[in-house]
Amino acid sequence: MTCERFASGDSLLHSADPRVKILLAGGYAVVTVGLGSLEGQILALLGGLFLVIAARLSFKEVFRRLFVVNLFVLMLWLILPWTTPGTGVTHLGPIVITSEGLKLALSISLKCNAIILANLALLSTSTIFSLAHALAHLRIPSKMVQLFFFSWRYFHVIDSEFHRMKHAIKVRGFEPGSNLHTYRTYAYLIGTLFIKSLERGERVYKAMLCRGFDGTFWLLSHFRFHGRDLGLVGFTSAYLFLIIGVEWLNPCR
Amino acid sequence: MHISEGVLAAPVLLAGGAGTVLGLAIGLRRMNAQEIPKVALLTAAFFVASLVHVPVGPSSAHLILNGILGILLGWTAFPAIFIGLFFQAVLFQFGGLTTLGVNTMNMAVPAVIMGALARPVLQINSGLFAMVMAAIAGAGAIVLSAAMVAGSLALSGESFVVVGKLIFFTHIPIAIAEGILSVLIISFLLKTKPEIIKGNIPSGFLGLGLVSIIIISILIAICSQAHAHRVNLFAWYDGKMILAEGYFSTGTRAVNSTILVLDSEDKEVFHGMTDKKGKFSYKPPGNGEYRLVLEAGMGHRAEALVSVQGMKSEGADQEAGQAAENAYKGNVTITSAEFEQILDRKLNPIKEQLLRLAEQGDRVCFRDVAAGLGYIAGLMGLAIYLAQRKRKK
Amino acid sequence: MSLIDLDGISFRYPNGNQVLEGLSLCLEEGDKIGLLGENGTGKTTLFHIILGLLKPNKGEIYIFGKRRKTEQDFKEIRRAIGLLFQDSDDQLFCPSVIEDVAFGPLNMGMKHQEATERAERTLDELGISHLRNRVPYQLSSGEKRLVSTATILSMRPEIFLLDEPTTGLDEKTTDRLISVLQNYPAKAWIMISQIPSVIEALTDKCYRLQGGRIYPV
């Protein structure tokens with residue numbers, strides 16, 4: 001799996017406290033979503049770009065991720081300009097392109113990409129395990145955190161199990177197509193996967209009981225808040241306040 | 001079927017977040033410590049299965065399977081879906097953090113509802129009836145999710161209505177595929193390990209079945225409401241011409257839109273366009289009832305009736321205009337050109353006032369959104385109450 | 001003409017683990033090769049490469065005298081080479097034994113009736129007709145192994161690739177499986193196994209996989 005592709009690295013953002021990063025990512029997203037002015041949105045996008053540069057992520061990979069997300073944005077560009085009521089700019093046959101529609105599509109593109117860049121730099125630079133850990137320290141209910149841990153731990157086991165099963169049907173000459181045989185095969189495959197997962201879940205629980213599990217989930221590693229984390233918090237929140245200030249000065253929608 | 005960051009309006013995001021927190025709380029309460037590994041493993045399995053691409057006609061779609069998830073997990077589908085979506089947001093940037101709440105609601109509410117509908121049936125029946133129920137749960141969960149996605153887009157602004165519709169209709173073939181798959185998966189599970197479906201029924205499931213039927217019917221009612229009055233057409237007869245103006249419910253004018261004029265026998269007598277100010281005028285050929293149809297593209301459509309009386313007849317009675325809620329019907333007869341002008345001058349301000357009023361009444365405002373949220377919260381409360389009562393027994 | 005000819009195969013997993021390095025192997029008609037090696041030396045990987053499930057980083061694969069490179073090339077040969085998986089649970093996934101055994105013949109383009117008949121005949125040959133309507137996942141591990149063997153045999157392969165076929169089986173089932181394989185008219189096979197008696201009974205040549213290459217024993 002190419003899952004945690006950004007999680008390894010040695011930048012400031014990689015070594016920062018995951019708790020801080022979660023809170024900052026949340027703050028960045030909330031502020032950006034609420035932005036109405038073009039100036040604020042552009043600043044948010046630039047900030048996201050800066051964070052990605054600071055995290056020294058592979059640009060090729062970042063671009064690939066952005067490309068996939070922007071397919072949805074592209075669909076909005078194709079539809080919004082002529083479905084948004086407002087003053088027409090130009091005609092395409094019977095279709096009227098409105099300036100409001102164009103502005104809306106632009107603002108969504110900016111905001112969406114700004115948040116994704118910030119998330120890539122802040123969240124994807126941690127492993128899922130350390131994020132779950134951080135969530136536990138942020139007073140997320142213990143049951144939720146445990147679910148998190150287990151799901152991620154066994155995701156890989158189940159994924160490779162599923163791959164082996166897919167190989168096994170491939171060597172028996174299976175080729176997918178739009179027919180009942182294909183659907184039946186996939187249904188049986190998925191059904192088998194569910195049963196195997198359930199049974200493994202039961203075995204895991206029994207094994208945990210054998211080692212004295214009583215419902216408490218102990219956390220071994222604890223995060224420490226470093227001076228450089230303070231720098232990250234200071235810089236990011238100052239930037240967010242700057243954006244809010246710009247937004248306040250340009251209240252237009 | 002995830003909505004990306006930056007698209008939805010803040011009230012929709014907040015409502016989604018609040019609903020998800022509530023759903024997670026119920027889901028986690030329902031799950032005891034012993035079930036955590038089981039639920040986690042199923043979550044992982046669903047996440048793996050959701051990465052599978054299944055051919056649907058000439059293209060392919062990735063699976064969602066929230067109907068099956070609801071049948072197997074009940075309320076616990078909430079945390080399972082939440083975790084799956086979180087992984088997707090952090091690992092692949094599908095969906096997003098701010099939309100996590102809305103996206104979870106859109107997938108998990110149909111899962112819980114369909115699970116509550118189908119599970120009691122699957123418990124007592126393994127034959128044709130069970131298979132029909134599995135199909136309904138599988139396809140219905142997708143249809144409902146798609147409707148909720150479309151709904152959350154539509155609530156975020158008039159502009160997204162078309163996008164929402166597009167998303168809804170592209171999910172119809174996927175719903176059919178998932179319906180077929182659900183039947184096959186459920187029949188597989190019933191054959192190989194029936195106890196995971198027939199086994200202990202999660203508490204409160206039967207009552208939920210009833211509640212979910214009510215929720216679905218209310219959703220359908222809301223949807224059909226949302227389609228009405230999106231574009232308004234105001235038309236009247238001023239003594240010489242039929243005049244009309246088209247407005248969207250946001251207050252903007254419907255410019256360059258087609259208007260059809262039909263006579264009392266529904267025969268098209270004229271078709272033209274509104275001008276840059278959204279206005280339209282037409283000189284009717286004679287007395288009678290006329291129906292005006294405004295087509296503002298992509299299903300925006302409005303109608304208005306105008307009755308033309310006393311045309312070219314002099315010395316008839318005088319009547320003031322009448323106002324209905326949506327359409328302004330007027331019949332004015334003239335004694336002299338002079339009188340007509342005076343009357344017109346007097347009536348114009350009133351006419352404008354009426355237009356403004358009718359417009360405001362149709363605008364979707366924050367109050368309506370709040371009311372909708374109230375509905376949802378109330379229904380959830382009812383569901384929790386019923387579930388708690390079941391448990392006490 | 002050799003049936004399978006591997007030339008200078010190298011394979012590295014995306015995580016950087018280099019398992020095969022310049023491996024060459026030739027399987028002639030009538031060969032019954034045993035493959036030894038410690039855990040994690042790439043024996044199973046080698047089987048997956050022969051069937052095109054994994055693509056080598058370097059090297060050339062010739063099967064039935066033709067260079068095999070694309071997915072289409074491998075599709076042609078998969079029905080002629082039967083791979084028995086190490087874990088039967090990976091292979092069995094249908095709600096009944098008969099459906100699982102008929103799955104391969106159906107993929108070969110047989111009609112429903114024909115495929116079912118073929119499956120029934122195969123179960124009969126293995127002496128497990130009584131399992132016909134059982135749920136594969138509920139069988140004992142010995143029964144599972146026999147059924148997964150049947151799912152391969154029902155495709156009538158010419159070559160076998162057997163991945164630890166007798167691991168975890170009791171003596172009686174092991175003997176039964178050995179006699180089934182001995183009686184099947186395969187052109188050649190390669191078998192991975194750690195059990196000396198099984199290697200002796202089923203192979204006449206033996207190689208050891210070590211450091212990414214194979215050496216005769």
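# A walk through chains C, B and A

Start by selecting Gly34(C): opposite this residue stands Met191(C), in strand 8 of chain C. Before moving on, note that this is a predicted model, where local features need pLDDT of at least 70, side-chain atom pairs count only at pLDDT 80 or more, and totals for chains, interfaces and linings use all residues. Residues are numbered from 1 along each chain as its sequence is written, while chains are lettered from A and ligands numbered from 1 in the order in which they are written.

**Stop one: the sheet of chain C**

Now select residues 32–36 and 188–192 of chain C: these are strand 3 and strand 8, which run parallel and are joined by 4 bridges. Strands (E, at least two residues) and helices (H or I, at least four) are DSSP runs numbered from the N terminus, and two strands pair if DSSP finds at least two bridges between them.

Widen the view to the open sheet of 6 strands in chain C, with the order 6-7-8-3-9-10 and mixed pairing. Which strands stand at the edges? They are strand 6 (81–84) and strand 10 (213–216) of chain C; each has a single partner strand, so one side of each is left without a neighbour in the sheet. From one strand to the next, the twist averages 20 degrees.

**Stop two: two loops**

Stay in chain C and pick Glu164(C), in the loop between strand 7 (159–163) and helix 7 (171–183). Glu164(C) is not a glycine, yet has a positive phi of about 45 degrees. Leu65(B) is not a glycine either, and its phi is positive, about 60 degrees.

Is Leu65(B) buried or exposed? With 26 other C-beta atoms within 10 Å, Leu65(B) is buried, whereas Glu164(C), with 19, is partly exposed. Buried means 20 or more other C-beta atoms within 10 Å of the residue's own, exposed 12 or fewer, and partly exposed in between, with C-beta atoms placed from the backbone.

**Stop three: a helix pair in chain A**

Finally, select residues 38–54 and 99–122 of chain A, helix 3 and helix 5, whose axes come within 8 Å and cross at roughly 25 degrees. Axes are lines fitted to C-alpha atoms, for helices over the stretch in contact, and angles run from 0 to 180 degrees between N-to-C directions. Helix 3 and helix 5 of chain A are therefore roughly parallel to each other (angles under 35 degrees).

Key: Parallel < 35°, antiparallel > 145°, perpendicular 65-115°, else oblique.
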